[in-house]
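Some notes on the model follow, in numbered points. They go from one chain to the interface and then to two local sites.

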Amino acid sequence: MINKMLIRRIHTVFLIFSISMLSAQEAIPTGDELIEKMTAIMSQEASKALIQQVITTSSGRERTFEFEMFTADEGEKTLMRYLKPSAAKGQAFLMLNNADDIWTYFPRTKRVRKLASSSKNQKVQGSDFSYEDLGSGDAWKNEYVSTNLGQEKYAGGDCWKVESIGILEKDPAYPKMIVLVRQSDFYPLSIDYYDDNGNIEKTLILSNIEIVEGIPTALKMQMVNHAEGSATLMKTISITYDWAPPDNFFSERTLRK
Amino acid sequence: MRKLIKNILLLSIITNFSILFTLFSCFPNILIPRSPNLTILQSTNILIAQSTNPLSFFGYYEGEFDQVRVSDATYNYGYNKLRLDLEENPDENVTIAANLNILKYDNNTTLNLLDFLPKSIWKPIFQPEELPEENWLDEFPLTFSDTLYLDNIYLRANFKKFDITVGKQQISLGTGYAWNPIDIFNFKQLLDPTYEQTGVNAIRLEVPFGSRTGLDMIYSPNIDFDNSAKMLQLKTGIGSFDLIGSLAQYNWIRTDFVLGEIKNERNLIGGAFVGEIAGIGLWAEGAWNQLEGNENFSELVIGSDYTFENGLYILMEYLYNQNGVSDFEKIDFNRFLQYFNGEIHSLMQQYVFNYINYPLSDLVQLSFLNYANLSDNSIAINPQITWEAFQDVSVSFMGNYFIGEDDTEFGLQDWGWRIRIRGYF
């Protein structure tokens, strides 16, 4: 009798354990789900921000810029205008279709020039951010296939480690990326960008994450360029997501303003 | 209601500004009645009093030293330039801007233009066989005087449906990099195609119809309506291409050594596009020019550029100018004068421009400019290195080397170099 009860209890415990294991397995999100959730947070409908950018060159010299940045359609449209320093004041960039179309405005000559998309992976104003880094919006979720590599501790928190491999036909910015996504809110804390040889080319570190208008926002983003030994820190001075662009805001007309 | 009053106020300023501007341009000696002036001042005062932005001052200092070897003579020359920009936004949709340029020339401030021209061009004029030798001339001095001038001074207002700019303003037209056939207002310097251009007296009205389509109307007044430049441009975008159609009519004035100037009514029909195919930038710009009392001609520029993964940037552009001469022997002294004065785009018919840039580091750019005159097979080669020495301070060094026979456009010169420092504030 006792044996029968014991066996039944063991069965029950095993059953509960199995069910909990199964549900735990079901709770593990896939890489694509994680990237979907991450880009949903990162690519808000619209935003307007004032950003300070400090570039530390490979020789250790610092260059400080300040620009205003406007985004819409979940980052598919971006307009940047430099306010400082004097040499860059008034220079502006308009990026549409996730930085496939780029126009740049030179205030000294009052001329707008369209850049070919071959330049979209080039540095913006000598920083470690490319046009594509700043203007590609949520293109990530369509241009990469992502795999959840499991859990990892980072900056004192639990993260999912996600590997994103670029789909060649979609001309991704990087062949591979490794992202550490915070488990609590699916916000990325670190992104490693790989080059064609499989080496880490750049690392983006997101910190000072605060809730702005209900949305987690990294007030500091540092891009470390391992290949060149330089780094660029972007500090958000102010940001709002409660901004609706006026009609035809993302146009050459606004660039010239 | 406040918005309506503000708009009425703005329109009043612009209307008055436009009337005054047109009057000043057409009849520079007339006495301007007092009332419109006062109205402008009153309106401007009200707007500036409302302004929350302080008047901004910015600009740059530029110093340049050049040395050039030509016709067995070496010239040293250079300048110090201060550009002071002033800008005020009395309202978020209004900009009043001006800039003052101070230029002080050093070293050789007078060049002998004849040293820069083939002897076969100037000899018939300055040393004609029919004159005795003691009456021959061997100098045509070109003097650079220190100057202080107000380059641009304009008011720009942005309304919901249109933008209007009134005053002396910089107008840059076309998609070409080194040449712009549809730009009737400017002339690009060969070695500095991206240098700022001087202001044009004009009223410019830009009417957008959507994010990529718009109408651009420019009226640059002269002594009367017939002598004024009128331009109409329609811009639109299809896919990754931007398209421009242009119509212009103006009096084309060129220097003439004997007559002082020659003038032809010029009607221009032009078009341009810029876009890309598979990451390769492509553009073209062309114009057909109908001249009253002279031969019609067309100009065409086609260009392409590409940026490689490592940052190497390559640009190529080709110019065909039907107005240019096909044979160097057909060039006369007037054509050189017109070219130096920026009244014609090129001396001869066919040119190629190449530009290569490579970032050696975040602070150092190495570039290479090259002009080739395909009509006389002469070439100008210009390597350049630019160093951002400090924040807002850049130093550039450019070398010039010329290849070609002595009686060719570029072959006449031997070599040259220049150093330029620019500091922004």
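1. A residue is called buried here when its relative accessible area is under 20%. By that cut-off, buried residues make up 50% of the 257 residues in chain A. The coordinates are a predicted model, and this should be kept in mind for every value below.

2. Chain A contains five helices and 13 strands. Among its contacts with a separation of 6 or more, 45% join residues 24 or more positions apart.

3. How many residues of chain B are in contact with chain A? The number is 58, and they meet 39 residues of chain A. The two chains bury about 3,500 Å² between them, and carbon and sulfur atoms account for 39% of that area. On the side of chain B, the residues that lose the most area to chain A are Asp362(B), Leu363(B) and Gln391(B), which together hold 18% of what that side buries.

4. Polar pairing across the interface comes next. Between chain B and chain A, 26 residue pairs are in polar contact, counting pairs with both residues at pLDDT 80 or more. Five salt bridges are counted between the two chains. One salt bridge joins the side chains of Lys235(B) and Glu252(A), at 3.7 Å from N to O. Strand β1(B) gives the most to the side of chain B that touches chain A, with four residues.

5. Strand β1 of chain B spans residues 56–70 and includes Tyr61(B). Is Tyr61(B) buried, partly exposed or exposed? Tyr61(B) has a relative accessible area of 34%, so it is classed as partly exposed. Tyr61(B) also belongs to a nonpolar surface patch with Leu82(B), Ile102(B), Leu148(B), Ile421(B) and Phe425(B). Together the residues of this patch have about 510 Å² of accessible area.

6. Gln127(B) sits in the loop between α3 (119–126) and β5 (141–143) of chain B. Its relative accessible area is 9%, so Gln127(B) counts as buried. With neighbours within four places in sequence set aside, Gln127(B) is in contact with Lys119(B), Trp122(B), Trp136(B), Leu137(B) and Asp138(B).

Terms used
Residues numbered from 1 in each chain as written. Chains lettered and ligands numbered in written order. Predicted model: local features only at pLDDT ≥ 70, side-chain atom pairs only at ≥ 80, totals over all residues. Heavy atoms only, no water. Patch = residues over 30% accessible without salt bridge, like charges linked within 9 Å, V, L, I, M, F, W, Y side chains within 5 Å. Areas by Shrake-Rupley, 256 points an atom, 1.4 Å probe, with all protein chains shown as cover. Salt bridge = Lys/Arg side-chain N within 4 Å of Asp/Glu carboxyl O. Helix = DSSP H or I, 4+ residues; strand = E, 2+ residues; numbered from the N terminus. Buried < 20%, exposed > 50% of the residue type's maximum accessible area, 1.4 Å probe, protein only. Contact = heavy atoms within 4.5 Å. Buried area = accessible area lost by both parts, 1.4 Å probe. Polar contact = N/O pair within 3.5 Å; in protein donor to acceptor, adjacent residues only side chain to side chain.
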